[in-house]
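Morning, everyone. Let me put the structure up, and then we'll walk through it.

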Amino acid sequence: MSTTTNRLTDAQIAEYQENGFIGVNNVFSMEEVEELRRVTDEFVEQSAELIEHNDVFDLDFAAGHSPETPKLRRIKEPHMRHPVYEAAMRKEGLLDIIEQLLGPNIKLHHTKLNMKAPGGGAQVEWHTDWGFYPATNDDILEIGLTFDDMEIENGCLMCIPGSHKGPALSHHQDGYFIGAVSENDFDMEEAVLIRIKAGGVSIHHVRALHGSAPNISDRPRRLLLMGYQAADAWPLSGVSDWDAWTDDMLRGEATNVPRLEQVPVVMPFPKHPEPSGSIFELQEQLQTSHFAAELDAVGIQTQQQQ
């Protein structure tokens, strides 16, 4: 049985603060990972008969979703769909790590389970989470718990070191918010791959610029993404339901006194007049993908398989 990690070292904390991201192996045991895989496989099977997205499933039609080969891009709010995901989100050892980075008052921001099917699972274009939900301060981070070894071939996360200290980048095209930055705003050659083993986690700052290529391998990449924030990081879009807000507290105490810091912000408005759903649909409006070469490789691979 593997030994799991419950605390970051001083060197890991310094790396996170300097670069805006780190990868940490052995946070979850393989027994926990196997259970997460099993439940996820059951959800994928449940999606087999669907022909359009719904409140739970975001389908991956580009990767060939069908009743015979169901494929998902995302399970929405998985911690509300099954206790095994909620247990992962509330894992004490994980919260110990988060407390080292955010302090004692920790609130859940969101969860989502992103999947990349073998041989073409969708890319995520370069963006910052801050571009979607800026707040009164930036003590907000994203944990990515991987169910599979995460390498470049199956679409591991990539981040630009130090980007969390830079300006707020526009995620707009032709004046409308599309959830992706322009390729002229950064140099992809500076990107660092976050390679981690199954049961490990990626941790990235809310302002860290990141993306991930399509899965061109023959194995899946399943990533449970869990957002956490300091309780005094209030969304600039406002809080409409105090009870719902406080129900998401995981440690410490809620507060109605936001902590205000001078952080750069570009609001995610105006919205595009055409309806859009997940980040995948938003980013499909991007005129030129950041991962054109990888997408060409997927196309060649698909043709060879036919």
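Where is leucine 236 found? Leucine 236 sits in the loop between strand S13 (221-230) and helix H5 (242-247). Helices (H or I, at least four residues) and strands (E, at least two) are DSSP runs, numbered from the N terminus.

Some ground rules. This is a predicted model: local features need pLDDT of at least 70, side-chain atom pairs count only at pLDDT 80 or more, and totals for chains, interfaces and linings use all residues. Residues are numbered from 1 along each chain as its sequence is written, and side-chain values use heavy atoms, leaving out hydrogens and water.

Now the aromatics. The whole structure holds 6 aromatic pairs. Rings of Phe, Tyr and Trp (its six-membered ring) pair if their centres lie within 6.5 Å; planes under 30 degrees apart are stacked, over 60 edge-to-face, the rest tilted. Take phenylalanine 43 and phenylalanine 57: centres 6.2 Å apart, planes at 65°, so edge-to-face. Phenylalanine 43 is in helix H2 (residues 30-46) and phenylalanine 57 in strand S2 (residues 57-59), 14 residues apart. Both are buried, meaning under 20% relative accessible area, with exposed over 50% and partly exposed in between (1.4 Å probe, protein chains only).

Next, tryptophan 126 and phenylalanine 186. Their centres are 4.9 Å apart and their planes at 40°, so this pair is tilted. Tryptophan 126 lies in strand S5, and phenylalanine 186 in the loop between strand S9 (176-177) and S10, so the pair ties together parts 60 residues apart in sequence. Tryptophan 126 is buried at 0%; phenylalanine 186 is buried at 14%.

Back to leucine 236: at 39% relative accessibility, leucine 236 counts as partly exposed.
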